[in-house]
Amino acid sequence: MRPGLLRVIFMALLWFGGVVHAQAIEPMPFANHAQELRFQHLTQQLRCPMCQNETLADSNAPIARDLRNQIFQMMQQGRSDDEIKQYLVARYSNFVLYDPPLTSGTWLLWFGPLLILLGGAGAVLVVIRKRNRGAAVAPEASTDHAPTDHGDDW
Amino acid sequence: MNRLLPFFGFMLLVVLFGFGIWWNTQHDQNAIPSPLLNKPAPAFNLPKLYEPAQTVSKADLLGQPYLLNVFASWCIECGAEHPVLEAEGPGLGVQLVGYNYKDAPADAKRWLAEHGNPYNLLIADEPGNTAIDFGVYGAPESFLIDAKGVIRYKHIGPLTPDVVAKELKPAIAAMQKEVP
């Protein structure tokens with residue numbers, strides 16, 4: 001009796017799990033497999049404005065479902081990926097794009113790492129210059145080493 | 001001086017992190033600045049909540065500024081915002097237009113009967129399509145739209161007495177100064 005009951009509960013849990021999963025992302029009547037792949041590729045590049053760390057493809061929020069439907073309908077109308085992205089950016093700003101475009105507001109985001117690298121290189125140069133000057137003054141420094149450094153000794 | 005250098009570096013980091021913490025408490029982390037700000041509001045044509053046979057379009061509302069408040073009966077924070085709208089709404093000096101978002105009309109009416117109705121006009125967007133044009137992604141949201149149909153201010157999340165006093169009222173005042 002007992003194992004039977006456990007089995008029923010287990011099966012019920014499995015079944016409910018399947019139901020919940022089926023509701024998360026509803027199937028859409030794609031024209032063909034290529035379109036389905038294109039849809040998945042596009043929605044994975046777009047961020048859900050509501051639950052902000054999820055893509056439109058993954059999100060279960062009502063707004064994400066609405067936007068997926070909207071994207072699907074625009075695809076049926078033959079709009080390109082860029083047109084669909086522009087449509088969303090016009091309404092929800094660049095925030096919906098996971099790949100931010102280069103604008104006056106994002107240049108620091110794009111070039112910040114380069115600036116930090118340059119700053120680090122500058123600091124290293126200053127330290128090397130200082131060390132060489134110190135080595136030139138120090139009595140144990142051999143005369144073979146010229147005080148001017150060409151940066152090739154490390 | 002050289003021995004103090006790491007200490008200065010450390011202090012620099014402390015200041016940087018402190019600024020980061022302060023900065024993050026100054027604004028809502030989840031609010032997305034609307035690209036529609038200071039642009040004409042999108043065109044819409046939606047049925048009235050209480051008389052679904054009649055529709056209201058953007059053109060119908062031109063000539064008078066109004067506050068478009070997106071709400072829904074399923075939205076918990078809308079319940080928190082509601083008393084603020086009831087208290088502050090009449091004193092704002094603009095029409096209060098309720099935008100019922102993705103809601104069954106019966107639920108919305110029951111909710112308004114229970115909590116009170118501060119709105120001068122109520123429109124319903126049950127499918128939620130027009131809301132996408134407004135860039136709505138969660139209720140409550142509020143749009144201040146001027147007499148020419150331009151969005152002058154947007155607030156995401158519930159309006160609080162603080163937000164009304166510090167942001168909404170100055171935005172209304174600036175708008176009224178411009179259009180005598």
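**Starting from one residue in chain B**

A: Let's begin with Phe143(B): leaving aside residues up to four places away in sequence, Phe143(B) touches Ala41(B), Leu68(B), Phe134(B), Ile151(B) and Lys154(B). Touching, or being in contact, means that the C-beta atoms of two residues, placed from the backbone, lie within 7 Å. Please keep in mind that this is a predicted model, in which local features need a pLDDT of at least 70 and side-chain atom pairs count only at pLDDT 80 or more, while totals for chains, interfaces and linings use all residues. Residues are numbered from 1 along each chain as its sequence is written, and chains are lettered from A and ligands numbered from 1 in the order in which they are written.

Phe143(B) also belongs to the largest nonpolar core, which has 50 residues. Such a core is a set of buried Ala, Val, Leu, Ile, Met, Phe, Trp, Tyr and Cys residues joined through C-beta atoms within 7 Å. Buried means that 20 or more other C-beta atoms lie within 10 Å of a residue's own; with 12 or fewer it is exposed, and in between partly exposed, with C-beta atoms placed from the backbone. The members that touch the most others are Phe143(B) together with Leu68(B), Val70(B), Phe71(B), Tyr101(B) and Ile145(B). In soluble globular proteins, nonpolar side chains tend to be buried together.

Staying in chain B, we come to helix H4, residues 105–115, where Ala108(B), Trp111(B) and Leu112(B) are buried. They lie on the same side of H4(B) because they cover an arc of only 95° around the axis, the arc being that of the directions from the helix axis to the C-beta atoms. An α-helix has 3.6 residues a turn, so residues three or four places apart point the same way. The buried residues of H4(B) pack against strand S4 (95–101) and strand S5 (121–125) of chain B. On the other side of H4(B), Ala106(B), Arg110(B), Ala113(B) and Glu114(B) are exposed. After H4(B) comes Gly116(B), with a positive phi near 100°. Helices (H or I, at least four residues) and strands (E, at least two) are DSSP runs, numbered from the N terminus.

Now for the partner chain. Chain A has five helices and zero strands, and 12% of its 154 residues count as buried. The contact between the chains takes 13 residues from chain A and twelve from chain B. On the chain A side, helix H3 (62–76) and helix H4 (81–92) are the elements that give two or more residues, and H3(A) gives the most, with five. One residue in helix H1 (2–24) of chain A is Arg7(A), which is exposed because 10 other C-beta atoms lie within 10 Å.

How confident is the predictor? Its score for each residue is pLDDT, from 0 to 100. Chain B averages 92, with 98% of the residues at 70 or above. Chain A has a mean of 81, with 75% of its residues reaching 70 or more. Within chain A, confidence is lowest in H1(A), at a mean of 60, and highest in H4(A), at 94. Residues 19–24 of chain A have a pLDDT below 50, and this stretch has one contact in the model beyond near neighbours in sequence. For the complex, the predictor gives an ipTM of 0.81 and a pTM of 0.75.

How values were computed. pLDDT is the predictor's confidence in each residue, from 0 to 100.
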